[in-house]
Amino acid sequence: MPNVALIETKISNTDFKRDLFESNIEFDQFQLCSDRNIKKVLKRDVDIEFNPDAYEWIVLVGSDALKYYTSATSITEYSGKLLDDKFLPIINPSMLAFKPEAKPAWETSKRNILDYISGDLTDTVVRPEQAIGIQDAEVANEWLYRCINSRPKYVALDSETTGLYPRDGHMLGISLCYERDYGVYIDVDCFNERTEALLQTLFNQTIIVFHNAKFDIAFFEYHFNFKFPQFEDTMLLHYLIDENPGTHGLKQLAMKWTPYGDYEQPMYEWMADYRKRTGTLKSQFTWDTIPFDVMKTYAALDAVVTFLVYEKVVKIKQNKQLEKVYNEILIPGTRFLLDCQDNGVPFDRHRLVKAQDLMQSEIDKSAHELSTFTAIKEFEKVNGKDFNPNSTVQLRTLLFDFLGLTPTGKKTGTGANSTDAEVLAELADQSPVPKLILNLRQNSKIKNTYLDKIIPQLDRDSRLRTGFNLHGTTSGRLSSSGKLNMQQLPRDNPIVKGCIKASPGHKIIAMDLTTAEVYVAAVLARDEALMDVFRAGGNFHSNIAKRVFKLPCEAEEVATLYASKRQAAKAVTFGIMYGAGPAKISEQVTKDGGVYFSKQEAAEAINDYFKEFHMLKAWIENNQKFIKQNGFVYSYFGRKRRLPNVESTDKGIQSHSIRSGLNFLVQSSASDINLLGAIDMNAHIQKGGFKARIFALVHDSILAEVPFGEVDYYIESLQDFIQKDRGIMIPGCPVGCDFDIHDDYSLGKFEKQYGDNI
């Protein structure tokens with residue numbers, strides 16, 4: 001009997017003997033579910049009869065088989081790795097035709113599996129001398145002295161902490177590695193003055209390699225005042241290799257590029273056992289609960305793995321364009337974001353408390369009004385329970401069965417009638433109930449997601465310190481995560497932004513780039529006609545409409561005399577970078593203008609637009625062709641966007657990849673103009689000893705809290721840095737930037753809407 005089994009979700013057409021085992025290995029094949037007609041196999045559908053003990057190796061194809069037989073949940077993370085000494089997960093090869101991006105992962109996983117089965121590949125067992133724990137100052141100092149005297153070119157450094165932010169926790173220990181496969185974990189409780197002096201000496205003379213430098217440096221600077229003149233970041237280096245979010249974790253890279261695999265798993269098993277024994281909730285567990293002897297091996301290996309990963313990822317610097325991105329954007333960006341995060345978002349605690357009460361009143365009012373409707377009462381009587389507006393199933397039943405509203409035609413992924421915010425707004429024309437439900441949902445989200453969570457997370461200075469990330473998007477735009485996602489603040493209600501308030505003697509200054517992506521496109525396309533629109537000044541979209549449609553009036557009259565033409569020009573301008581066609585333009589102009597704009601009119605508008613801006617059209621077509629042929633594209637500043645799915649057999653996926661690449665060219669460059677301007681401005685503030693503090697980058701905005709006496713100088717300086725000629729510039733016409741100055745981030749909307757209540 002073969003000693004290899006393969007388990008897939010259900011019967012497929014894949015020839016695993018040919019595609020996976022290359023006809024060299026005999027195996028038995030099983031399916032979790034014998035019914036091949038089931039679209040989505042659930043646990044209750046599993047009817048496999050299989051004894052794992054009868055086989056030495058078990059290949060698990062896809063996430064369903066992985067989750068059924070192991071505690072792992074991510075097939076992409078564990079594909080090609082050994083679990084529990086016998087399970088070998090691998091991604092499902094059926095996806096390769098329509099998602100060619102998965103081909104490298106398939107080939108690597110396949111080779112690993114064959115090597116495991118043949119015995120050519122085995123997981124590394126860590127020897128005690130490879131991961132040493134130190135709790136004595138003299139021993140620590142001796143190790144550091146030896147490290148310094150060996151003059152290593154680089155040293156990997158990691159920290160173990162009790163929190164995610166320096167003010168919320170302390171450092172437990174540090175891990176270091178300066179020679180392959182050997183690391184130490186030093187308890188910070190044993191530090192003395194000599195230890196700290198030796199560490200700073202090491203940091204001064206050696207390149208320090210972090211994985212996620214922004215996190216570790218923040219703790220080292222806040223708690224020890226250490227400085228790092230030269231540092232590298234394996235996370236950011238990997239971001240240059242693979243710009244897709246969610247691929248940069250140290251464990252993922254350890255499994256991909258080191259022999260240590262999922263080395264932390266035993267520690268996490270200890271943590272799970274501890275929580276079970278003590279009844280400790282996962283949210284209540286802190287890392288200082290882990291005994292030093294349990295922690296030391298895995299903490300030391302963090303540094304070892306970082307060292308080994310660095311040896312792999314640093315090779316990306318051989319690509320000079322990407323090396324420039326790293327040296328001129330990502331590393332300076334890390335230093336800037338350390339300051340930005342430490343500055344913190346200024347909140348008014350009093351306003352937050354009042355806003356909570358106000359939102360609760362609005363929620364209660366909407367809930368009371370809803371309860372008066374007959375349809376709600378009938379629903380609750382029939383179902384024997386209170387109506388829950390957050391339940392999609394209940395809401396769908398109420399709207400379309402009890403109220404009898406006509407569906408909008410918008411569907412969910414499963415084919416059911418949608419009840420999202422856009423649908424509720426449209427259904428409000430048929431009944432007041434959808435509008436009340438929409439208000440209830442939106443106000444509940446504002447209160448629960450923002451106001452209720454912000455208050456307990458404020459530091460003593462009433463500032464909220466959250467995270468900004470350089471590696472969270474494929475375009476290079478900053479993402480935000482942690483205590484508050486600054487990129488997702490409510491847009492239609494000013495109450496949260498209104499609670500971001502300058503301290504006495506200061507103003508909030510928001511700088512926004514204006515039509516930056518179109519500006520970038522005009523320069524990259526060398527379209528003189530489009531650049532002339534920027535040179536002309538005035539209302540951009542009115543000028544565009546006048547030129548495109550040859551309107552017999554002055555540009556300032558277009559909005560009044562030819563509103564639909566202006567809407568069409570605006571829709572085409574913003575839509576072309578996203579591949580919008582006549583149907584999308586028709587929908588957008590109709591929605592914005594309130595008057596039906598046909599697909600034929602939209603097609604004519606697009607045609608007229610490209611007649612006027614023919615160089616832009618040629619640039620778009622040339623880049624689309626390049627992306628389709630090559631599967632990648634570089635931005636002006638050197639970022640690379642890899643798009644292997646242009647080879648997909650699915651035309652929808654293929655065209656989406658091409659659109660993504662085209663959009664990347666303009667969005668990435670506009671974003672980098674903003675980021676580079678913020679980096680330069682922050683350095684200028686520090687060098688000049690000014691009191692202004694940049695505390696966030698939100699989309700194309702730079703937000704700062706500025707003392708009254710520095711407002712004019714700050715605006716003048718930031719404008720100079722934003723409009724600095726970085727190679728993407730219309731001669732004599734720098735990119736536009738608008739400044740708003742106010743007491744809070746809502747820029748006056750908060751007081752206008754809620755001033756009488758707060």
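Which residue's side chain meets that of Lys 447 in a salt bridge? I looked this up in the model, which is predicted, and found that the partner is Asp 452, with N to O at 3.0 Å. I then checked the exposure of the two residues: Lys 447 counts as buried at 13% relative accessibility, whereas Asp 452 is partly exposed at 25%.

Salt bridges elsewhere. My search of the whole structure returned 36 salt bridges, and I followed up two further pairs. Glu 243 and Arg 642 form a salt bridge whose closest N and O atoms are 2.6 Å apart; this pair links distant parts of the chain, 399 residues apart, with Glu 243 in the loop between helix H8 and helix H9 and Arg 642 in strand S17. I noted that Glu 243 is buried, its relative accessible area being 2%.

The side chains of Glu 22 and Arg 111 also meet in a salt bridge, at 3.6 Å from N to O. Because Glu 22 lies in the loop between helix H1 and strand S2 while Arg 111 belongs to helix H4, the pair ties together parts that are 89 residues apart in sequence. I also recorded that Lys 110 joins Glu 22 and Arg 111 in a network of salt bridges.

Cysteines. I found 0 disulfides in the structure. For Cys 190, the closest cysteine sulfur is that of Cys 147, and the 15 Å between them is too far for a bond; for Cys 340 it is that of Cys 737, at 18 Å, again too far.

Surface charge. I located a negative surface patch formed by Asp 84, Asp 85, Asp 123 and Glu 269, and noted that Asp 85 counts as exposed at 65% relative accessibility.

Technical notes:
Residues numbered from 1 in each chain as written. Predicted model: local features only at pLDDT ≥ 70, side-chain atom pairs only at ≥ 80, totals over all residues. Heavy atoms only, no water. Patch = residues over 30% accessible without salt bridge, like charges linked within 9 Å, V, L, I, M, F, W, Y side chains within 5 Å. Areas by Shrake-Rupley, 256 points an atom, 1.4 Å probe, with all protein chains shown as cover. Salt bridge = Lys/Arg side-chain N within 4 Å of Asp/Glu carboxyl O. Lys, Arg positive; Asp, Glu negative; His and termini not counted. Charge placed at Lys NZ, Arg CZ, Asp CG, Glu CD. Buried < 20%, exposed > 50% of the residue type's maximum accessible area, 1.4 Å probe, protein only. Disulfide = S-S within 2.5 Å. Helix = DSSP H or I, 4+ residues; strand = E, 2+ residues; numbered from the N terminus.
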